[in-house]
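This report describes one protein model in plain terms. It begins with confidence, then turns to the cores and a sheet.

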Amino acid sequence: MELLNYKRVFLALTILTVCLSVGWTQKPPYIELGKTTIALNEAFTITIKVENGKVKSYAPFPNIPSFKKNTIASVTSSNNKGNGQVTSIDAVIQNYYAEKEGTFVIKPFSIKVNGQVVESPGITVRVGPYDKNLGEPSKLTPEDFIDLEKNKEYVDIQEDAFLGLSTNKSQVYVGEGFTVSLAFYVASVNKAFMEFPPDLGDQLGDILKKIRPAKSWEENFQIEEISPVEVNINGKKYKQHKLYQATFYPLNSEPIVFPRVGLKMIKFKIAKDEKDPTSLEARLNMKKSHKYFYTLPKRIEVKELPAHPLKDQVPVGVFYLQEFAPKKQIRTGSSFEYGFRVWGEGNIAEIHAPEIEENDHFNFYPPSIQQSVQRAGQRVSGWKTFTFHSIPKESGVYNFKNYFSWIFFNPNTQQYDTLRAKAKVEASGESLRNLEISSANVGDFYEDISTQSNSLSHNNFRQQVRHIVNIVMLIMLSGALFLIYWSYKNKHLQQRKEKEN
């Protein structure tokens, strides 16, 4: 057996050595920029390259001011670098065409390729006049091309693409999650040239208003970048451009219907006389048009939960219990913490703290709550932790399963299940029940009752305030009259002295 393991290790090392010697080591993706000086009818390119690997996914190429972004083309080639090493290069090329002559600064940017962020420092591009050698008359301006289009005959190449709305389930229980994905699919053999329109965000906003179920809880996957991913559908390869994804949890048993929705894409027609539709000249002469793609309607059946006293309150999903238990030996009167974590797949927001009945053995206080939600693939999972602070009141050995339990419905087994605590603690020390009664110290209060009068006295606070205000006003009025009299008397005496003099 040991000899067999050694052979396997030796074989693996041999294969690895051979792979390295022929240059099969995949290098990180990188960005290559085009020429710094181009003609007005010449493309500036931004290229994503992966050596000894594939460009499996990438974020949209940046928009460049004063340049028109054209259709993406993929190129794969193999170059012999000598010394017996062969390096394959998988590349995705984006063409840009300047709208006018001049010098343009392309600022630094980044593109996410195969899950990695690839940086580019930017570049300065000088755009000169039309180049006759590229097949376009140097006297023509962009406005002249509009007139030329009227005299050309264009062909609409049939696209191999579709807009799809898919769900991972066709039937769920009330409260059970199902994931909805909206994506645009383009076949690898597609020959039609298409682009997402500038108003894609507005179109998506209108689409989501139509497809979002009104009476459901939504966990949005928050797709920020439309990165094409290669998928296989019925044995055929497609590039999937995912536009929206969310998991919904129905709140009642009404069926959920996703209506037919449409997306307007930009599609280019090719001049009929073009021999090679993929050539530079063909792309320069393409004519922009629009094409609508529609989804098929979808219906999700929602079933009621089986009969149960708490069926309208329990969460639905596949959940497990993780405990953060205190030390097995605790003292009465000393506080401790106990963590009850529910984790698994389901609507984490609907997980509520286990209910604890009042008892003579522990004082349990309202818990602090923490939660984490992960959205990956086509599922929403996570956990919620309830940390209880408690003080034991009586000595003894206690099983926490008698205090902590949590009920949920498992759609896989189609049954209700209960998570019960497994922790066990032993409390020692003096009983605190009598101490709690004496600590209230209400004896003196009751002893004084027999000596106090039981007659009622009238205490009209408002009347007392009114009397006080009246007295203050009277004093102020008297003071004012006194000041007026004193002023008049002094003035009269002054006038009298002046006459005598």
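## Confidence

The protein chain has a mean pLDDT of 81, and 77% of its residues reach 70 or more; pLDDT is the predictor's confidence in each residue, from 0 to 100. Residues 1–24 have pLDDT below 50, and this stretch makes 13 contacts in the model beyond near neighbours in sequence. A contact means heavy atoms within 4.5 Å. Residues 136–150 also have pLDDT below 50, with 20 contacts beyond near neighbours in sequence.

The model is predicted: local features need pLDDT of at least 70 and side-chain atom pairs count only at pLDDT 80 or more, while totals for chains, interfaces and linings use all residues. Residues are numbered from 1 along each chain as its sequence is written, and side-chain values use heavy atoms, leaving out hydrogens and water.

## Nonpolar cores

A nonpolar core is a set of buried Ala, Val, Leu, Ile, Met, Phe, Trp, Tyr and Cys residues joined through side-chain atoms within 4.5 Å; buried means under 20% relative accessible area, with a 1.4 Å probe and protein chains only. The largest nonpolar core has 29 residues, and Phe 178, Phe 184, Ile 211 and Phe 258 have the most contacts inside it. Another core lies apart from it and has 26 residues, including Ile 106 and Tyr 130.

Beyond its neighbours within four places in sequence, Phe 178 touches residues including Val 172, Phe 248, Phe 258 and Ile 300.

## A mixed sheet

Strands here are DSSP runs (E, at least two residues), numbered from the N terminus. Two strands pair if DSSP finds at least two bridges between them. An open sheet of three strands has the order S23-S31-S28, with mixed pairing. Its edge strands are S23 (329–331) and S28 (396–399).

S23 and S31 (residues 424–428) run parallel and are joined by three bridges. Gln 329 stands opposite Glu 426 in S31.

Conventions: Helix = DSSP H or I, 4+ residues; strand = E, 2+ residues; numbered from the N terminus. Buried < 20%, exposed > 50% of the residue type's maximum accessible area, 1.4 Å probe, protein only.
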